[in-house]
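Keep the model in view while reading, and look up each residue as it is named.

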Amino acid sequence: MNSEPREITGATLADALDELGFPGAALATALNGAFVPRIDRGATLLKEGDRLEVLAPMQGG
């Protein structure tokens with residue numbers, strides 16, 4: 001992960017998050033640099049060459 005290209009088989013952003021191990025996690029997502037609200041993830045279709053960014057909160061200091 002962390003900027004490494006990954007092959008995703010899911011059709012939607014929600015599918016991709018499940019595939020990457022983020023089901024139901026509290027996180028922020030962006031597709032090709034544009035923020036995607038949680039409510040829109042299931043309807044956001046992915047296509048070849050898309051760039052997905054996932055930001056998850058981390059504890060620590």
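Ala16 counts as buried because its relative accessibility is 0%, and the cut-off for buried is under 20%. The residue lies in helix α1, which covers residues 13-19. This is a predicted model.

What does Ala16 touch, leaving aside neighbours within four places in sequence? Its contacts are Ile8, Leu46 and Leu52. Ala16 and Leu31 are 15 residues apart in sequence. Their C-alpha atoms are 11 Å apart in space.

## Confidence in the model

The chain has an average pLDDT of 89. A score of at least 70 is reached by 95% of the residues. Among the elements of the chain, strand β2 (residues 34-36) has the highest mean pLDDT, at 97. Strand β3 (residues 52-55) has the lowest, at 92.

A word on reading such scores. Where pLDDT is low, the predicted coordinates should not be read in detail.

Thr12 lies in the segment before α1. Is Thr12 buried or exposed? Its relative accessibility is 10%, so Thr12 counts as buried. The side chain of Thr12 reaches the backbone nitrogen of Asp15, at 3.1 Å.

Leaving aside neighbours within four places in sequence, it is in contact with Arg41, Gly42, Thr44, Leu45 and Leu46. Leu46 is also one of the contacts of Ala16.

Pro23 sits in the loop between α1 and β1. With a relative accessibility of 54%, Pro23 counts as exposed, because the cut-off for exposed is over 50%. Beyond its neighbours within four places in sequence, Pro23 is in contact with Leu17 and Asp18. Pro23 and Arg51 are 28 residues apart in sequence. In space, 19 Å separates their C-alpha atoms.

## A threonine in strand β1

Strand β1 covers residues 28-31, and Thr29 is found there. Thr29 counts as buried because its relative accessibility is 2%. Which side chain makes a polar contact with the side chain of Thr29? The partner is Arg41, at 3.2 Å.

Thr29 has other contacts too. Not counting residues up to four places away in sequence, it touches Leu13, Leu17, Ala34, Phe35, Val36, Arg41 and Glu53. Arg41 is also among the contacts of Thr12.

Asn32 is found in the loop between β1 and β2. Its phi is near 55°, a positive value in a residue other than glycine. Asn32 has a relative accessible area of 44%, so it is partly exposed.

Phe35 has its place in strand β2. At 59% relative accessibility, Phe35 counts as exposed. Leaving aside neighbours within four places in sequence, Phe35 is in contact with Ala28, Thr29 and Ala30. Phe35 and Leu52 are 17 residues apart in sequence. From C-alpha to C-alpha, they are 9.9 Å apart in space.

## Strand β3

Val54 lies in strand β3. Val54 has a relative accessible area of 26%, so it is partly exposed. Beyond neighbours within four places in sequence, its contacts are Leu17, Phe22, Leu27 and Ala28. Leu17 is also touched by Thr29 and by Pro23.

Val54 and Gly21 are 33 residues apart along the chain. Their C-alpha atoms are separated by 11 Å.

## The largest pocket

The largest pocket has a volume of about 840 Å³. It is lined by 23 residues. Closest to its centre are Glu4, Arg6, Leu20, Arg51 and Leu52.

Which element gives the most to the lining? Strand β3 does, with four residues. By class, the lining has 11 nonpolar, eight charged and four polar residues.

Methods. Residues are numbered from 1 along each chain as its sequence is written. This is a predicted model: local features need pLDDT of at least 70, side-chain atom pairs count only at pLDDT 80 or more; totals for chains, interfaces and linings use all residues. Side-chain values use heavy atoms; hydrogens and water are left out. Helices (H or I, at least four residues) and strands (E, at least two) are DSSP runs, numbered from the N terminus. Buried means under 20% relative accessible area, exposed over 50%, partly exposed in between (1.4 Å probe, protein chains only). A polar contact is a pair of N or O atoms within 3.5 Å; within protein, one must be able to donate a hydrogen and the other to accept it, and residues adjacent in sequence count only if both atoms are side-chain atoms. Contact means heavy atoms within 4.5 Å. pLDDT is the predictor's confidence in each residue, from 0 to 100. On a 1 Å grid over the protein atoms alone, a cavity is a set of points where a 1.4 Å probe fits but cannot get out, and a pocket is an open set with protein on both sides within 12 Å along at least five of seven lines; lining residues have an atom within 4 Å of a point. Grid points are joined across faces, edges and corners, and a volume is the space filled by probe spheres set on the points. Ala, Val, Leu, Ile, Met, Phe, Trp, Tyr, Cys and Pro count as nonpolar, Asp, Glu, Lys and Arg as charged, and the others, Gly among them, as polar.
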